[in-house]
Amino acid sequence: MNEKTLIKKITLSAISVILIYFFTTLISIPMPLGSGYLNLGDSVIFLFSIILGPLFGPLSAILGSILADLTNGYALFVPFTIIAKGLESLLVSVIYHRLKKYKFIALIIGSLIMILVYLLSYYLLYGSASLISSLFDLIQAIINIPLGLIYLKIYHYYKRQHHPY
């Protein structure tokens, strides 16, 4: 990676951390029993995972999501967030760039991994509340996948029209 590309990736990573944090905290609906919160952060994670690739994408996803957990009062979830958002972002990035058709499957697989990691966290922390909380994560994925696809369409349109990133 040349110096100019590295500077662009670092700059976009900083922007993505801020946007992930913003979209995660902008609409933050607490789940039952204090086991996390429903948010729109994953839609931005999808976008920047694809733009930034399998190294900078997951780092940005992890940092933005951890900041949101800390400021929203969910510090207990930080270790799980590192795994959930890191794996989600990594899988979205790798799968999206390898698929020729049906690239949306990458967002579905990333979301399923996020749901499974948080399901484990809810079980370890709250026991029986895990299934109820995971239902909220499923709702979050159902909302964020179409939003992420919209952001990607806008990004690809903009990229073709204006900037050869």
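Reader: How close do the axes of helix α2 and helix α3 come, and at what angle do they cross?

Author: Helix α2 covers residues 41–71 and helix α3 covers residues 78–98, and their axes come within 8 Å and cross at roughly 165°. Axes here are lines fitted to C-alpha atoms, for helices over the stretch in contact, with angles from 0 to 180 degrees between N-to-C directions. Before we go on: this is a predicted model, where local features need pLDDT of at least 70 and side-chain atom pairs count only at pLDDT 80 or more, while totals for chains, interfaces and linings use all residues. Residues are numbered from 1 along each chain as its sequence is written, and side-chain values use heavy atoms, leaving out hydrogens and water.

Reader: What makes α2 roughly antiparallel to α3?

Author: Angles over 145 degrees count as roughly antiparallel (under 35 is roughly parallel, 65 to 115 roughly perpendicular, and the rest oblique). The α2 and α3 axes cross at roughly 165°, which makes α2 roughly antiparallel to α3. By class, their contact has 15 nonpolar, nine polar and four charged residues. Nonpolar means Ala, Val, Leu, Ile, Met, Phe, Trp, Tyr, Cys and Pro; charged means Asp, Glu, Lys and Arg; the others, Gly among them, are polar.

Reader: Why are α4 and α5 called roughly antiparallel?

Author: Helix α4 (residues 104–126) and helix α5 (residues 130–161) have axes that come within 9 Å and cross at roughly 155°. That puts these two on the roughly antiparallel side as well.

Reader: Which residues of α4 and α5 meet?

Author: Among them are F104, L107 and Y118 in α4, with L131, A141 and L152 in α5. Contact means heavy atoms within 4.5 Å. The residues of this contact split into 15 nonpolar, six polar and one charged.

Reader: What makes α2 oblique to α5?

Author: The axes of α2 and α5 come within 7 Å and cross at roughly 40°. That angle makes α2 oblique to α5. Their crossing is right-handed too. Residues that meet there include F46 and L47 in α2, and Y151 and L152 in α5. This contact divides into 10 nonpolar, five polar and one charged.

Reader: How many cavities of 30 Å³ or more are there?

Author: The count is one. A cavity is a set of points on a 1 Å grid over the protein atoms alone where a 1.4 Å probe fits but cannot get out, and lining residues have an atom within 4 Å of a point. Points are joined across faces, edges and corners, and the volume is the space filled by probe spheres set on them. The largest cavity comes to about 160 Å³. It is lined by 18 residues, and the closest to its centre are Y37, N39, D69, K85 and Y118.

Key: Helices (H or I, at least four residues) and strands (E, at least two) are DSSP runs, numbered from the N terminus. On a 1 Å grid over the protein atoms alone, a cavity is a set of points where a 1.4 Å probe fits but cannot get out, and a pocket is an open set with protein on both sides within 12 Å along at least five of seven lines; lining residues have an atom within 4 Å of a point. A crossing is left-handed if the near helix is turned anticlockwise from the far one by less than a right angle, and right-handed if clockwise.
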